[in-house]
Amino acid sequence: MGSECKGHQFQDDDGGGGGPGAIAPFVAKTFHMVSDPATDAVVRWGGASNTFLVLDPAAFSDFLLPAYFKHRNFASFVRQLNTYGFRKIDPDRWEFAHESFLRGQAKLLPLIARKKKKAGPPGSRELCEEEVDEVRGTIQAVRRLRDERRGMEEELQAMDRRLRAAENRPGQMMAFLGKLADDPALVLRAMVAKKEELAVAGGDGSSPEKRRRIGAEAGAGAGRSADGAEVVQSRAPPFPFSAMGQVFY
């Protein structure tokens, strides 16, 4: 880029429009946009026809700016108005005025020219509005990419945790089956414990004595052989029901 913008956003020249009687592209596009009745819900002329109002800045940025100026930066549009001598006349709304920007008076538009910038020290270089907007857009794109990369990293970490949990599940199942082989009554006791837990949480109408009796009968039944003889059986250590729940629930 040179010190003069090769306007791809607001205008294609460095000042007032290329010569006497010429209209700056930015001014011409703004006049056409404001004068179009189809856009009155977003931007329109003021009541006295010597101002224009942006009624919906969000829609103006999303639809009209891209159509006329190839960007969506409302603040940049306002700054460009200032460079052509427009002024904001109402602090509470987006209403702008210029003495040569009047409804139906397109013949006055060549009088609207860009303000001349003061010359800087020798060798200095000033960024124009388009260059500044391009730099801002690049910074925003870099930030957006960085946020997207951070989100992808977090998603990959979550997938890795789920994969590790899935890899551990067969080992947990084998450990449970080993305990079940050593203590066949494990499942029944776990079911009784689960039922008691649900009863405490929601209430099933059964008394604590009845629940204890069911658990005792389950343990006694598991301690007898097929012919009714007592079988000496060491009590297996309690197995966490949460681990079994990963297999059966």
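The model is predicted: local features require pLDDT of at least 70, side-chain atom pairs count only at pLDDT 80 or more, and totals for chains, interfaces and linings use all residues. Residues are numbered from 1 along each chain as its sequence is written, and side-chain values use heavy atoms, with hydrogens and water left out. The protein chain contains 7 helices and 4 strands, where helices (H or I, at least four residues) and strands (E, at least two) are DSSP runs numbered from the N terminus.

**Overall composition**
- From the N terminus on, the order of elements is α-β-β-α-α-β-β-α-α-α-α.
- Of the 249 residues in the protein chain, 29% are buried (under 20% relative accessible area, with a 1.4 Å probe and protein chains only).
- Among contacts (heavy atoms within 4.5 Å) with a separation of 6 or more, 52% are between residues 24 or more positions apart.
- The accessible surface of the protein chain is about 16,500 Å², and carbon and sulfur atoms contribute 57% of that area (Shrake-Rupley method, 1.4 Å probe).

**The sheet**
- The 4 strands form an open sheet in the order S1-S2-S4-S3, with antiparallel pairing; two strands pair if DSSP finds at least two bridges between them.
- Strand S1 (43-45) and strand S3 (87-88) are the edge strands, each pairing on one side only.
- Strand S2 (residues 51-54) and strand S4 (residues 94-97) run antiparallel and are joined by 4 bridges.

**Helices H1 and H3**
- Helix H3 (residues 74-83) lies across S2 and S4, at about 25° to S4; axes are lines fitted to C-alpha atoms, for helices over the stretch in contact, and angles run from 0 to 180 degrees between N-to-C directions.
- Helix H1 (residues 25-35) has buried residues that include Pro25, Phe26, Val27 and Phe31.
- The cover over the buried residues of H1 includes S1, S2, helix H2 (57-69) and H3.

**Threonine 30**
- Threonine 30 lies in helix H1 and counts as buried because its relative accessibility is 1%.
- The side chain of threonine 30 reaches the backbone oxygen of phenylalanine 26 at 2.8 Å.
- Leaving aside neighbours within four places in sequence, threonine 30 is in contact with Phe52, Phe69, Phe77 and Phe101.

**Annotated region**
- An unreviewed UniProt entry carries the annotation "domain: HSF-type DNA-binding" for residues 65-89; such annotations may be inferred rather than shown by experiment.
- Over residues 65-89 the chain is 60% helix and 8% strand, with the end C-alpha atoms 22 Å apart.

Notes: Buried < 20%, exposed > 50% of the residue type's maximum accessible area, 1.4 Å probe, protein only. Polar contact = N/O pair within 3.5 Å; in protein donor to acceptor, adjacent residues only side chain to side chain.
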